[in-house]
Amino acid sequence: MLIVMKPDATQSEIERVSQIIKDLGYRPHPMAGSTRTAIGITGNDGSLDSAHFVSLSGVAEAIRVTKPYKLVTRELKPERSMIAVGDSFIGGSELALIAGPCAVETYDQVFETAEAVAATGAKFFRGGAYKPRTSPYAFQGTGEEGLRILSEVRSQFGLNIVTEAMDERGVDLVEEYGDCIQIGARNMQNFSLLKYVGKSNKPVLLKRGISATMEEFLLAAEYIMNEGNYNVILCERGIRTFGTHARNTLDLSVVPAVKATSHLPIIIDPSHGTGKNYMVGPMAKAGVAVGADGLLIEVHPNPREALCDGAQALLPEQFRLLSTELHALRSSLKPEPTAVSV
Ligand code: PEP
Ligand code: MN
């Protein structure tokens with residue numbers, strides 16, 4: 001159930017309704033919109049009696065939620081959400097570009113890439129210190145040392161750091177050194193990890209699982225939000241199909257589908273979505289065209305020598321040229337509806 005407050009409801013009326021929800025043994029999730037606040041209720045097994053709420057002062061109506069998700073939906077918050085990541089936002093009017101190498105390898109490799117990324121005006125830098133690799137014999141990442149390098153990138157270039165955590169210890173460390181916790185495709189349904197990042201005060205970039213439906217994807221976001229962390233950015237990174245011409249099949253239609261259902265921002269990762277350098281630009285542009293709020297793009301100064309995902313990495317100069325095209329393309333489109341921060 002969700003409780004829609006009247007447009008002129010006061011903060012104390014919102015708090016009173018939230019307290020009553022808590023007293024009943026459930027969790028209130030107040031979500032402020034531009035015209036009214038709605039309060040999502042979770043923690044109830046069966047359906048709730050709206051009579052508890054409709055007569056309370058400040059309440060406009062109580063709506064039964066028929067979908068399997070409650071907190072990600074536009075029923076709770078009709079306006080698009082804008083998520084703060086460090087000193088910038090994802091989901092606002094500006095296209096968010098998140099670029100950097102697949103893996104943090106060395107100080108020089110990261111700094112050379114970061115300098116080039118910062119020069120394009122991008123606000124976000126990505127790089128994995130912990131790498132989920134298919135083979136246990138492949139490069140596994142540089143761990144905490146890699147996170148230290150990333151935090152130096154933040155100080156030196158003012159870039160906001162997005163980096164993956166694969167377990168709870170990794171989450172604690174990413175919270176210390178980074179600005180946004182990436183949950184990778186392989187962990188999209190690691191429910192205990194989702195609950196753990198749900199208690200974090202850092203935003204979460206949640207990648208779609210390799211074979212996840214949109215409903216499973218949104219329910220994974222719901223796990224995080226149910227713990228009280230509403231700062232979730234969704235990322236489509238391609239799903240596994242029978243196609244062999246690309247590493248994955250980038251499911252662009254999930255962008256308008258998610259936007260019709262959810263207030264959360266959604267970005268596209270054309271690097272993992274294609275696995276091939278020459279496909280990254282075309283699919284990145286397609287991502288902007290379908291309304292993605294941002295793009296996550298792998299960049300490496302020497303892709304042939306990359307320890308991970310070299311075949312899909314762009315050279316810094318390729319990224320610079322692409323970034324100009326992506327911003328031009330975005331500004332040629334009708335502006336996205338105004339977003340409200342969560
Ligand atoms: C990555 O972003 O480098 C990564 C491992 O992505 P995914 O989880 O989408 O495979
Ligand atoms: Mn990668």
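Colleague: Why is G143 called buried in this model?

Modeller: The model is a predicted one. G143 has a relative accessibility of 12%, and buried means under 20%, so G143 counts as buried.

Colleague: Where is G143 found, and how far is its C-alpha atom from that of P335?

Modeller: G143 belongs to helix α4, which covers residues 143-157. Along the chain, G143 and P335 are 192 residues apart, and 40 Å separates their C-alpha atoms.

Colleague: Why does V171 count as buried?

Modeller: The relative accessibility of V171 is 0%. The cut-off for buried is under 20%, and V171 therefore counts as buried. This residue, V171, lies in helix α5, residues 168-177.

Colleague: What makes D309 count as buried?

Modeller: D309 has 18% relative accessibility. Since buried means under 20%, D309 counts as buried. D309 is placed in the loop between β14 (294-298) and α11 (316-332).

Colleague: What is the phi of D309?

Modeller: D309 is not a glycine, yet its phi is positive, at about 60°. Most residues other than glycine have a negative phi.

Colleague: Turning to the ligand, which residues come nearest to ligand 1?

Modeller: There are 13 residues around ligand 1, and R126, A185, R186, K207 and R237 come nearest. By class, the shell holds seven charged, three polar and three nonpolar residues.

Colleague: How do you know that A185 makes a polar contact with ligand 1?

Modeller: A polar contact is a pair of N or O atoms within 3.5 Å. A polar backbone atom of A185 is 2.8 Å from an oxygen atom of ligand 1, so the pair qualifies as a polar contact.

Colleague: How much of ligand 1 does the protein bury?

Modeller: Ligand 1 exposes 290 Å² when taken alone, and the protein buries 97% of that.

Colleague: Which pocket is the space taken by ligand 1?

Modeller: The space that ligand 1 takes is the largest pocket.

Note on methods: Residues numbered from 1 in each chain as written. Chains lettered and ligands numbered in written order. Predicted model: local features only at pLDDT ≥ 70, side-chain atom pairs only at ≥ 80, totals over all residues. Heavy atoms only, no water. Near = heavy atom within 4 Å. Polar contact = N/O pair within 3.5 Å; in protein donor to acceptor, adjacent residues only side chain to side chain. Areas by Shrake-Rupley, 256 points an atom, 1.4 Å probe, with all protein chains shown as cover. 1 Å grid on protein atoms, 1.4 Å probe; cavity = no way out; pocket = protein on both sides within 12 Å on 5 of 7 lines; lining within 4 Å. Sits in = over half its atoms within 2 Å of the grid points. Nonpolar A, V, L, I, M, F, W, Y, C, P; charged D, E, K, R; others polar. Helix = DSSP H or I, 4+ residues; strand = E, 2+ residues; numbered from the N terminus. Buried < 20%, exposed > 50% of the residue type's maximum accessible area, 1.4 Å probe, protein only.
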